[in-house]
Amino acid sequence: MMIPVRCFTCGRVIADVWEEFRERIKTEEPKKVLDDLHIERYCCRRMLLSHAEIVEDIVPFG
Amino acid sequence: MELRFLEHDEGRVKFVLSGVDSAFVNALRRTMIADVPKLAVDEVEIYENTSLLYDEQIALRLALIPLRCTEELVHPEDCECGGKGCEKCEVKLQLECESPDTEGSITIYSKDLKPLDERVSVVHQRIPLIRLTSLTKDVGSIRMPVKQRVSLIAKARMGTGREHAKWQPVTVCGYKNTPIIRINEEICRGCGRCAEECPKNLINVREKAEISDELSCILCKLCENACENKAIHVICADDSFVFFAESDGSLTIDHIVTKAARIMQRRCDNFISELESTAAQ
């Protein structure tokens, strides 16, 4: 629904870079963006890569 | 005991600790994870919540936000107030937010969480907390704006990782035995198979195989299997460890490591005094 605050595996805070990541991957390579944002471990990288923001989609049902 | 820093800044540390056994390093690791106290939101008083997230979801998101405090608070169980919550063991944060007046939505960030105590501050400013949306609905023949509102007070307390992961001050915290890579130069033919196999690309082959950064070796031993002549050997030292730890931002890594060591020291002191008093009886 909303981006999890922390990585499920290691606990690093990842939500603070979510919006920047979402904007930048429209024009840039996700790999480069993740490296730029210092998301090093693959557990944290998958949090951002595989996230689907659906909070807007459920508004009509709220 | 010998200590050598490889990386060191406010948030993360990597060092080689030699002359100790694995029991000691593991005790240090476990103490850092489970016993170093830090501040986190523990109780939330929700006065109004018409957002899409349940109360529990908001409370969980609040609890995971790292908080920084200028002075160390007392654990509620050890406090004079008996855990009811006073200045010494509790700080409060407030969140008051509303969706826009016109149709549309806004995101509420961790920076909108207002500390009611000047000692405490939120580390990360841009953690999205809640999404609030305004809709217009037709009620009979009238168009009515429907707004969402959240109003709450969060109480942050000290705790340890043993109780809940939100009180765990470190994210990654672990160690490995210091790798030692031995190459028998008499047997090595410089075929380069070991270099191809190494996932960390630590081996360079000119005439013979050479190791560039031994400490980065992950002890996978793929190079050993690849070498037909058995010229390369990966050994791990059992009295030397590469220790790495990363803070979640709420405490500095220096504070976490020293505090963990102090806690271990205090436990040993308690044990000694207990032993002495029992022996005296």
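For sorting lining residues, I count Ala, Val, Leu, Ile, Met, Phe, Trp, Tyr, Cys and Pro as nonpolar, Asp, Glu, Lys and Arg as charged, and the others, Gly among them, as polar.

**Ground rules.** I am working with a predicted model, where local features need pLDDT of at least 70, side-chain atom pairs count only at pLDDT 80 or more, and totals for chains, interfaces and linings use all residues. Residues are numbered from 1 along each chain as its sequence is written, chains are lettered from A and ligands numbered from 1 in the order in which they are written, and side-chain values use heavy atoms, with hydrogens and water left out.

**Pockets.** I searched a 1 Å grid over the protein atoms alone: a pocket is an open set of points with protein on both sides within 12 Å along at least five of seven lines, a cavity is a set where a 1.4 Å probe fits but cannot get out, and lining residues have an atom within 4 Å of a point. Points are joined across faces, edges and corners, and a volume is the space filled by probe spheres set on them.

I looked up the second largest pocket, at about 440 Å³. Its lining has 22 residues, and A:Val5, A:Arg6, A:Phe8, B:Leu60 and B:Leu64 lie nearest its centre. I sorted this lining into 12 nonpolar, seven polar and three charged residues. Helix α2(B) gives the largest share, three residues; helices (H or I, at least four residues) and strands (E, at least two) are DSSP runs, numbered from the N terminus.

Next I turned to the largest pocket, with about 550 Å³ of space. Of its 14 lining residues, B:Arg12, B:Lys14, B:Val172, B:Lys200 and B:Phe244 lie nearest the centre. In chain B, β2 (12-18), β12 (170-183) and β15 (232-247) each give two or more residues to this lining. How do the lining residues of the largest pocket divide? I found five nonpolar, one polar and eight charged.

**Cavities.** I counted two cavities of 30 Å³ or more. The largest cavity has a volume of about 110 Å³. Among its 14 lining residues, B:Cys188, B:Arg189, B:Cys191, B:Cys227 and B:Ala231 are the closest to the centre. I noted nine nonpolar, three polar and two charged residues in that lining.

The second largest cavity holds about 90 Å³. Its lining includes B:Cys198, B:Cys217, B:Cys220 and B:Cys223. Here I sorted 10 residues as nonpolar, none as polar and two as charged.
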